[in-house]
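Subject: Structure handover

Hello,

Here is the structure for you to look through. Notes on its pockets and helix packing follow below.

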Amino acid sequence: MQTCARRVVELDILIVLDFMCPWSFIALKSFDTARQKFFKEHNATDGIKLDFIPYEFDVPGTYPASGTDWTDYCKSYGEQKAKYLLEEKLPRAFQLGKEIGIDFQIDRRIVHTPTVNNALILAQQHSVALPFALRMLTLHFEQKLDPNDKNLLAAELETAGVPKSPIDQMLAESAEIHDQRNRSIAFPSSQLE
């Protein structure tokens, strides 16, 4: 009987993630599916090191605290772009999402993401950023939950394996301080080539 040796595949991957972007969700879920399939088919050990950079497309203060309806957000770009977004771009994203198991909900709200971005950094420090990010994207886009809800974040971080003490500390600190830190993260030029 012949046995195959397990190979270790080592890669460093930088992922820029916007929790409000449906394309970020599609890309991350597609990446995770491909990663799992590759390691299973090639009898390899997952040696991928993921570094997440949380990103927020819109300037803080763009939306009210309660967020903005997704359709209204699209309409804020003017009639021509709203027509493109609502009649072409989003339906395409929704179809691609459906093909990989994402059930996008058009009536979700767009919110600023400082707290969930900080939670992602904390999850990364505890090597659980990928499952945490996928779970939070699912809860937001499919179940229409606010990804900045502190109780939700605490529960999801704990479920992912982050100890309670750093969760409490992160949630107690000012979102503004964390948001400034998140925005100061720069892309090393060598990682963009």
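A crossing of two helices is called left-handed if the near helix is turned anticlockwise from the far one by less than a right angle, and right-handed if clockwise. Helices (H or I, at least four residues) and strands (E, at least two) are DSSP runs, numbered from the N terminus.

The model is predicted, so local features need pLDDT of at least 70 and side-chain atom pairs count only at pLDDT 80 or more, while totals for chains, interfaces and linings use all residues. Residues are numbered from 1 along each chain as its sequence is written, and side-chain values use heavy atoms, with hydrogens and water left out.

Helix packing

The crossing of α6 and α7 is right-handed. The axes of α6 (residues 150–160) and α7 (residues 164–172) come within 10 Å and cross at roughly 155°; axes are lines fitted to C-alpha atoms, for helices over the stretch in contact, and angles run from 0 to 180 degrees between N-to-C directions. The two helices, α6 and α7, are therefore roughly antiparallel to each other (angles under 35 degrees count as roughly parallel, over 145 as roughly antiparallel, 65 to 115 as roughly perpendicular and the rest as oblique). On the α6 side, K150, L153, A154, L157 and E158 meet K164, I167, M170 and L171 of α7, where contact means heavy atoms within 4.5 Å.

For α1 and α5, the angle is about 135° and the axes are 10 Å apart. That makes α1 oblique to α5. This crossing of α1 and α5 is left-handed. Among the contact residues are P22, F25 and L28 of α1 and L130, A133 and L134 of α5.

Pockets

A pocket is an open set of points on a 1 Å grid over the protein atoms alone, where a 1.4 Å probe fits, with protein on both sides within 12 Å along at least five of seven lines; lining residues have an atom within 4 Å of a point. Grid points are joined across faces, edges and corners, and a volume is the space filled by probe spheres set on the points.

The largest pocket has a volume of about 400 Å³. Its lining has 21 residues, with C21, P22, F57, Y73 and Y77 nearest the centre. Helix α3 gives the largest share of that lining, four residues.

The second largest pocket has a volume of about 170 Å³. Its lining includes I48, K49, Q124 and P131, and β2 gives the most, with four residues.

Regards
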